[in-house]
Amino acid sequence: MSAEPRSDRASRYPAIHARSIDDPEGFWGDAARAVEWIAEPRAIFDPALGVYGRWFVGGLTNVCHNALDRHVDAGRGQQPAIYYDSPVTGAKRTVTYSEMLREVRILAGVLRELGVGKGDRVVIYMPMIPEAVFAMLACARIGAVHSVVFGGFAAAELASRIDDARPKVVLSASCGIEPNRIVAYKPLLDLALTIAKHAPSACVIFQRPEAEAGLKEGRDLDWAAMREKVATSARGVECATVSATDPLYILYTSGTTGKPKGVVRDTGGYMVALRWSMEGLYDVKPGEVFWSASDIGWVVGHSYIVYAPLLAGCTTVLFEGKPVGTPDAGVFWRVIEEYKVSALFTAPTALRAIKKEDPEGLLMKDYDLSTLRTLFLAGERADPDTVVWAETRLGIPVVDHWWQTETGWAIAGNPVGLGALDVKVGSTGVPMPGYQVDILDEGGHHVGPNRMGSIAIKLPLPPGCLPTLWQQDERFRESYLAEFPGYYKTADAGFCDADGQLFIMGRTDDIINVAGHRLSTGGMEEVLASHPDVAECAVIGIHDELKGEVPCGFVVLKAGVARAPNEIEGEIVALVRERIGPVAAFRIAIAVHRLPKTRSGKILRGTMKKIADAEPWNMPATIDDPSSLDEIAAALSARGLPKASAA
Ligand code: COA
Ligand code: AMP
């Protein structure tokens with residue numbers, strides 16, 4: 001992509017992006033001065049190391065030191081580090097940088113006591129409470145590698161992550177709280193540990209009063225008791241010296257099969273990129289309040305609830321609630337007023353939920369939103385209606401920015417900190433420093449402006465992006481680097497316009513985005529296929545007014561199955577909830593006589609999706625049995641699909 005954005009002479013962006021590409025070592029070397037090093041890197045980038053090169057080689061540092069100790073040393077001790085606000089329990093708590101440092105030191109001491117050292121893995125399976133953030137930083141403090149698992153996943157998903165990461169210790173809590181129920185985490189953890197082959201040596205359980213958990217002798221330890229033990233016997237531990245290239249965490253994300261990919265995040269590159277982004281992209285300064293209304297189980301939560309705001313000396317908001325129903329569609333505006341939030345980062349689906357309940361935005365008027373300068377959206381395509389709705393009512397810029405678990409921070413956006421660009425509604429803006437984004441055709445050739453293609457990023461990826469998959473360099477190469485030599489394949493499709501602005505239109509693989517949550521239809525098909533009465537199946541993502549997309553499964557039953565199809569459909573819905581989790585929002589299973597296929601046997605998922613989304617479609621010339629598509633259309637219509645709004 002070569003064109004620079006138009007009408008942006010006032011923005012520092014064009015010069016900064018150009019420098020990051022022409023002189024990456026100079027650019028990132030300068031950016032690296034914003035973090036504290038125990039030893040400066042000997043090379044800003046070494047192309048000979050790792051799969052495609054490594055950043056800040058030879059640098060020694062510690063993320064926890066940069067997120068906490070240095071701020072306390074610099075006089076920020078009494079500044080709030082976290083505003084915890086939990087409308088689902090009614091709890092509120094302010095944790096200052098000093099308090100947080102004390103808690104993290106103690107928890108690091110607990111981990112040490114349990115034999116956890118540098119490079120050991122710790123799985124964190126916790127709800128949105130301050131202790132979960134302490135847990136992440138305690139791992140960083142001693143150089144252990146954390147892997148946070150989102151609470152909405154089922155036991156089997158937790159088990160597969162435990163088997164892959166092989167943690168020495170699991171940190172968990174007795175329960176999470178959803179508006180409609182208490183989710184007992186401990187039984188899910190117990191079940192996961194019976195499914196998993198790997199056994200951690202200890203599980204430390206934080207008891208929440210809403211549902212206390214039973215502890216298993218010899219394995220489970222009470223968080224408060226361990227904290228007490230370490231707090232009285234020692235003042236906790238100091239920061240370990242960690243290499244810039246050492247892993248800080250593993251975060252599992254959906255791949256094209258049921259086996260999730262363990263995205264590895266390094267230490268030095270991540271810190272430098274996040275620190276740059278807080279001012280360059282988000283325009284948020286030390287001491288200001290940043291709110292990312294996500295969950296620590298997702299990459300957005302890792303980067304912008306925890307690490308980036310703390311690295312920048314900001315106050316982060318930890319919100320345990322939903323955009324609607326806790327108690328109403330005004331809660332986001334209440335939080336902004338109460339904590340004087342400067343920038344809010346959320347998923348478009350959250351705004352759609354608010355817009356549905358409060359279409360005129362009347363609840364906004366009850367609150368003083370004058371501190372809020374920018375609203376950032378990511379996680380799924382931001383539909384222009386929602387962007388315009390928010391922009392008009394809030395009267396501030398709404399910035400859609402595009403990224404992935406793999407990249408750890410935005411690939412493209414509108415860098416308001418450098419002087420906002422004139423970005424079109426529907427575009428996710430321009431590439432961030434270090435990203436050379438290209439649109440390629442099937443043969444890997446660059447395509448010109450406004451032409452759809454596969455979006456790829458020229459290697460090397462900038463700091464902050466994954467260096468590899470956890471202990472799977474080969475899977476990393478095959479999944480991301482093999483198709484377009486010299487590039488990282490994003491698996492997103494889209495185009496770039498003549499002004500250099502990117503438009504992200506959808507995935508090229510079978511990943512779908514349900515309420516901003518990334519899920520694999522391939523993984524769901526594996527679950528459907530495991531039902532004893534199912535011969536064949538296909539899962540597609542269909543348009544949903546609120547969640548963007550929801551999964552829809554079609555199954556062909558085995559010959560001779562005499563049970564009522566709707567009974568089996570119900571079992572299939574329950575099976576996905578049990579194996580993948582409620583977050584999959586899998587509610588539609590439809591039994592059909594045959595799946596539409598080409599004569600060579602390829603399931604016509606694309607055409608099925610068009611029918612379900614009420615998009616124009618043509619009968620594929622290669623279809624084996626045209627009546628199979630008619631059956632799909634009739635079955636969907638019998639369920640009231642497509643909904644009128646999808647048309
Ligand atoms: N622990 C346990 N269960 C969880 C959970 C968690 N941490 N998070 C979600 N779930 C469950 C929910 O209770 C729900 O279960 P149900 O089927 O029994 O109702 C299911 O998973 C789906 O949850 P969710 O996706 O939150 O849907 P919802 O219908 O409850 O709420 C929205 C819809 C739009 C309000 C909600 O999805 C939302 O706030 N989305 C924002 C997403 C976001 O921030 N994404 C991060 C990327 S930036
Ligand atoms: P995740 O890894 O969960 O962050 O999901 C990454 C995927 O979400 C991307 O590959 C995109 O398909 C999608 N995505 C994220 N942000 C955006 C955005 N701003 N616009 C369109 N799609 C997005």
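## Basis of the values

The model is predicted, and local features are reported only where pLDDT is at least 70, side-chain atom pairs count only at pLDDT 80 or more, and totals for chains, interfaces and linings use all residues. Residues are numbered from 1 along each chain as its sequence is written, chains are lettered from A and ligands numbered from 1 in the order in which they are written, and side-chain values use heavy atoms, with hydrogens and water left out.

## The site of ligand 1

Ligand 1 is surrounded by 25 residues, where a residue is counted if one of its heavy atoms lies within 4 Å of the ligand. The closest of these residues are E178, R181, K322, R577 and R587. By class, the shell holds twelve nonpolar, seven polar and six charged residues; here Ala, Val, Leu, Ile, Met, Phe, Trp, Tyr, Cys and Pro are taken as nonpolar, Asp, Glu, Lys and Arg as charged, and the others, Gly among them, as polar.

Several polar contacts (pairs of N or O atoms within 3.5 Å; within protein, one must be able to donate a hydrogen and the other to accept it, and residues adjacent in sequence count only if both atoms are side-chain atoms) can be listed for the ligands and for the protein itself. In the case of ligand 1, an oxygen atom lies 3.2 Å from a polar side-chain atom of H517, and an oxygen atom is 3.1 Å from an N or O atom in the side chain of K547. A nitrogen atom of ligand 1, in turn, is 3.4 Å from a backbone N or O atom of G152. On its own ligand 1 has 940 Å² of accessible area, of which the protein covers 86%; such areas come from the Shrake-Rupley method with a 1.4 Å probe, and for residues only the protein chains shown count as cover.

## The site of ligand 2

Around ligand 2 there are 16 residues, and those that come nearest are D400, T405, D492, R507 and R518. The shell comprises four nonpolar, six polar and six charged residues.

The side chain of D492, one of the nearest residues, has an N or O atom 2.5 Å from an oxygen atom of ligand 2. An oxygen atom of the ligand is also 3.0 Å from an N or O atom in the side chain of Q404, while a polar backbone atom of G379 is 3.1 Å from a nitrogen atom of ligand 2. Taken alone, ligand 2 exposes 490 Å², and the protein buries 94% of that area.

## Helix α16

Helices (H or I, at least four residues) and strands (E, at least two) are DSSP runs numbered from the N terminus. Helix α16 covers residues 565-579, and its 15 residues should span 21 Å at 1.5 Å a residue, the expected span being 1.5 Å times one less than the number of residues. The end C-alpha atoms of α16 are 21 Å apart, which agrees with that expectation.

The buried residues of α16 are I568, E569, I572, L575 and V576, where buried means under 20% relative accessible area, exposed over 50%, and partly exposed in between (1.4 Å probe, protein chains only). An α-helix has 3.6 residues a turn, so residues three or four places apart point the same way. On the other side of α16, N566 and E578 are exposed.

## Backbone features

Most residues other than glycine have a negative phi, and most peptide bonds are trans. F56, in strand β2 (residues 54-57), has a positive phi of about 60° although it is not a glycine, and F56 is buried with a relative accessible area of 0%. R166 likewise has a positive phi, of about 50°, but sits in the loop between α6 (155-165) and β8 (169-173) and is partly exposed, with a relative accessible area of 47%.

The peptide bond from L459 to P460 is cis, with omega near 0°, and P460 is placed in the loop between β24 (453-458) and α14 (473-481). The bond from L641 to P642 is cis as well, with omega near -5°, and P642 is found in the segment after α18 (627-638).

## Contacts of S11

S11 lies in the segment before α1 (13-22) and is buried, with a relative accessible area of 9%. The side chain of S11 reaches the backbone nitrogen of Y13 at 2.9 Å, and a polar atom of that side chain lies 2.8 Å from the backbone oxygen of G419.
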